[in-house]
Amino acid sequence: MTEPQLRVASFADLTTAQLYAVLRLRVDVFVVEQDCAYPELDGRDDEPTTEHLWVDVDGEVAAYVRVLDDRDRARVGRVVTAEGHRGHGYAAQLVALALERIGNRRTEIGAQVQLEQWYARLGFARSGPDYDEDGIMHLPMIREAPAGAANSG
(Lines give C-alpha, C1' and ligand atoms only; values in the text may rest on other atoms or scores of the structure.)
Protein backbone atom coordinates (compact mmCIF):
# COMPACT_ATOMS: atom_id res chain seq x y z
CA MET A 1 0.00 0.00 0.00
CA THR A 2 1.29 3.44 -0.93
CA GLU A 3 1.01 6.48 1.32
CA PRO A 4 -2.54 7.99 1.23
CA GLN A 5 -2.70 11.12 -0.94
CA LEU A 6 -4.91 14.16 -0.29
CA ARG A 7 -6.48 15.38 -3.53
CA VAL A 8 -8.37 18.58 -4.41
CA ALA A 9 -10.15 19.35 -7.67
CA SER A 10 -12.88 21.45 -9.17
CA PHE A 11 -15.61 19.59 -11.02
CA ALA A 12 -14.02 20.51 -14.36
CA ASP A 13 -10.70 19.04 -13.23
CA LEU A 14 -12.10 15.69 -12.08
CA THR A 15 -11.47 12.80 -14.44
CA THR A 16 -14.50 10.69 -15.26
CA ALA A 17 -12.99 7.85 -13.19
CA GLN A 18 -12.52 10.16 -10.18
CA LEU A 19 -16.04 11.54 -10.50
CA TYR A 20 -17.48 8.03 -10.74
CA ALA A 21 -15.51 6.90 -7.66
CA VAL A 22 -16.63 9.92 -5.62
CA LEU A 23 -20.28 9.55 -6.55
CA ARG A 24 -20.17 5.79 -6.01
CA LEU A 25 -18.78 6.26 -2.48
CA ARG A 26 -21.41 8.86 -1.62
CA VAL A 27 -24.24 6.68 -2.90
CA ASP A 28 -22.84 3.51 -1.28
CA VAL A 29 -22.74 5.16 2.15
CA PHE A 30 -25.49 7.80 2.19
CA VAL A 31 -28.13 6.03 0.10
CA VAL A 32 -27.42 2.30 0.50
CA GLU A 33 -25.65 1.86 3.88
CA GLN A 34 -27.72 4.51 5.66
CA ASP A 35 -30.88 3.37 3.83
CA CYS A 36 -31.76 6.92 2.87
CA ALA A 37 -33.38 7.54 -0.50
CA TYR A 38 -32.72 11.20 -1.33
CA PRO A 39 -31.47 13.25 -4.29
CA GLU A 40 -27.71 12.70 -3.84
CA LEU A 41 -27.01 14.56 -7.08
CA ASP A 42 -28.24 17.97 -5.95
CA GLY A 43 -26.89 20.22 -8.71
CA ARG A 44 -24.06 21.68 -6.58
CA ASP A 45 -21.16 19.39 -7.55
CA ASP A 46 -20.53 21.14 -10.85
CA GLU A 47 -20.66 24.73 -9.60
CA PRO A 48 -17.43 26.53 -10.61
CA THR A 49 -16.56 27.36 -6.98
CA THR A 50 -17.23 23.88 -5.55
CA GLU A 51 -14.16 21.98 -4.41
CA HIS A 52 -13.94 18.21 -4.15
CA LEU A 53 -11.44 16.86 -1.62
CA TRP A 54 -10.62 13.21 -1.17
CA VAL A 55 -8.10 10.75 0.15
CA ASP A 56 -6.70 8.45 -2.50
CA VAL A 57 -5.42 5.10 -1.25
CA ASP A 58 -3.91 3.02 -4.03
CA GLY A 59 -6.25 4.57 -6.59
CA GLU A 60 -9.37 4.17 -4.42
CA VAL A 61 -11.39 7.04 -2.96
CA ALA A 62 -11.12 6.22 0.75
CA ALA A 63 -12.80 9.40 2.05
CA TYR A 64 -14.37 12.52 0.57
CA VAL A 65 -15.54 16.04 1.48
CA ARG A 66 -17.27 18.69 -0.63
CA VAL A 67 -16.81 22.43 -0.08
CA LEU A 68 -19.47 24.82 -1.37
CA ASP A 69 -19.16 28.59 -1.71
CA ASP A 70 -22.39 30.18 -0.48
CA ARG A 71 -21.25 33.78 -1.08
CA ASP A 72 -20.90 35.14 2.46
CA ARG A 73 -19.97 31.74 3.92
CA ALA A 74 -18.66 28.32 3.00
CA ARG A 75 -20.42 25.01 3.52
CA VAL A 76 -18.68 21.70 4.16
CA GLY A 77 -20.69 18.63 3.30
CA ARG A 78 -20.86 15.09 2.01
CA VAL A 79 -18.25 14.06 4.58
CA VAL A 80 -17.88 10.33 4.02
CA THR A 81 -15.40 7.50 4.51
CA ALA A 82 -15.53 4.13 2.77
CA GLU A 83 -16.33 1.28 5.15
CA GLY A 84 -12.97 -0.43 4.68
CA HIS A 85 -11.05 2.78 5.42
CA ARG A 86 -12.74 3.96 8.61
CA GLY A 87 -10.70 4.57 11.72
CA HIS A 88 -7.66 6.08 9.99
CA GLY A 89 -8.58 9.73 10.55
CA TYR A 90 -9.08 10.45 6.85
CA ALA A 91 -12.31 12.42 7.30
CA ALA A 92 -10.72 14.63 9.97
CA GLN A 93 -7.75 15.27 7.67
CA LEU A 94 -10.09 16.26 4.86
CA VAL A 95 -12.22 18.56 7.01
CA ALA A 96 -9.03 20.21 8.33
CA LEU A 97 -7.80 20.65 4.75
CA ALA A 98 -11.19 22.06 3.75
CA LEU A 99 -11.07 24.58 6.60
CA GLU A 100 -7.52 25.55 5.64
CA ARG A 101 -8.65 26.17 2.06
CA ILE A 102 -11.75 28.09 3.22
CA GLY A 103 -9.60 30.35 5.37
CA ASN A 104 -11.13 32.98 7.62
CA ARG A 105 -14.72 32.62 6.48
CA ARG A 106 -17.81 31.57 8.37
CA THR A 107 -18.32 27.88 7.64
CA GLU A 108 -21.51 25.86 8.10
CA ILE A 109 -22.22 22.17 8.21
CA GLY A 110 -25.32 20.03 8.66
CA ALA A 111 -23.97 17.28 10.91
CA GLN A 112 -25.56 14.00 11.85
CA VAL A 113 -26.39 14.33 15.55
CA GLN A 114 -24.09 11.51 16.66
CA LEU A 115 -21.13 13.44 15.20
CA GLU A 116 -21.65 16.69 17.14
CA GLN A 117 -18.60 16.20 19.38
CA TRP A 118 -16.44 15.04 16.48
CA TYR A 119 -17.19 18.27 14.59
CA ALA A 120 -16.75 20.31 17.79
CA ARG A 121 -13.15 19.05 17.96
CA LEU A 122 -12.68 20.53 14.48
CA GLY A 123 -13.89 23.97 15.57
CA PHE A 124 -17.63 23.79 14.90
CA ALA A 125 -20.35 24.75 17.39
CA ARG A 126 -24.06 23.94 17.42
CA SER A 127 -26.07 26.80 15.93
CA GLY A 128 -29.65 25.55 16.23
CA PRO A 129 -31.98 22.69 17.13
CA ASP A 130 -31.87 19.16 15.73
CA TYR A 131 -33.81 18.53 12.53
CA ASP A 132 -34.82 15.54 10.45
CA GLU A 133 -33.19 15.41 7.03
CA ASP A 134 -34.38 12.50 4.92
CA GLY A 135 -35.06 10.34 7.98
CA ILE A 136 -31.71 11.01 9.70
CA MET A 137 -31.40 13.45 12.60
CA HIS A 138 -29.01 16.34 11.95
CA LEU A 139 -28.04 19.57 13.64
CA PRO A 140 -26.71 22.83 12.21
CA MET A 141 -23.15 23.75 13.17
CA ILE A 142 -21.00 26.81 12.45
CA ARG A 143 -17.33 27.66 12.62
CA GLU A 144 -17.28 31.43 12.88
CA ALA A 145 -14.60 33.46 11.17
CA PRO A 146 -12.07 34.65 13.75
CA ALA A 147 -12.82 38.15 15.07
CA GLY A 148 -11.26 40.79 12.86
CA ALA A 149 -10.42 38.29 10.13
CA ALA A 150 -11.01 39.18 6.52
CA ASN A 151 -13.75 37.18 4.84
CA SER A 152 -11.68 35.74 2.06
CA GLY A 153 -11.35 32.24 0.80
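Helices (H or I, at least four residues) and strands (E, at least two) are DSSP runs, numbered from the N terminus. The model is predicted, so local features need pLDDT of at least 70 and side-chain atom pairs count only at pLDDT 80 or more, whereas totals for chains, interfaces and linings use all residues. Residues are numbered from 1 along each chain as its sequence is written, and side-chain values use heavy atoms, with hydrogens and water left out.

**Figure 1. Asp69 in strand 3.** Asp69 is partly exposed because its relative accessibility is 29% (buried means under 20% relative accessible area, exposed over 50%, partly exposed in between; 1.4 Å probe, protein chains only). Not counting residues up to four places away in sequence, Asp69 touches Arg44, Thr49 and Arg105 (contact means heavy atoms within 4.5 Å). Thr50 is 19 residues from Asp69 in sequence and 6.4 Å from it in space, C-alpha to C-alpha.

**Figure 2. Strand 3 and its pairing with strand 2 and strand 4.** Eight of the ten residues of strand 3 are buried. Strand 3 pairs with strand 2 in the antiparallel sense over seven bridges (two strands pair if DSSP finds at least two bridges between them), and Tyr64 in strand 3 is the bridge partner of Trp54. Strand 3 also runs antiparallel to strand 4, to which six bridges join it; here Leu68 stands opposite Arg75 in strand 4. The hairpin of strand 3 and strand 4 has four residues between the strands, and Arg71 in its turn has a positive phi of about 60 degrees.

Figure 3. Most residues other than glycine have a negative phi. Strand 2 and strand 3 form a hairpin with two residues between them, and Asp58 is in the turn. Asp58 is partly exposed because its relative accessible area is 45%.

**Figure 4. The largest pocket, with a volume of about 830 Å³.** On a 1 Å grid over the protein atoms alone, a pocket is an open set of points where a 1.4 Å probe fits, with protein on both sides within 12 Å along at least five of seven lines; lining residues have an atom within 4 Å of a point. The lining has 36 residues, of which Phe30, Val79, Gln112, Leu115 and Tyr119 lie nearest the centre. Strand 4 gives the largest share, seven residues. The lining divides into 18 nonpolar, ten polar and eight charged residues.

**Figure 5. The second largest pocket, with a volume of about 200 Å³.** Its lining includes Tyr20, Arg24, Asp28, Glu60 and Glu83. Helix 1 supplies the largest share of this lining, seven residues.

Conventions. Grid points are joined across faces, edges and corners, and a volume is the space filled by probe spheres set on the points. Ala, Val, Leu, Ile, Met, Phe, Trp, Tyr, Cys and Pro count as nonpolar, Asp, Glu, Lys and Arg as charged, and the others, Gly among them, as polar.
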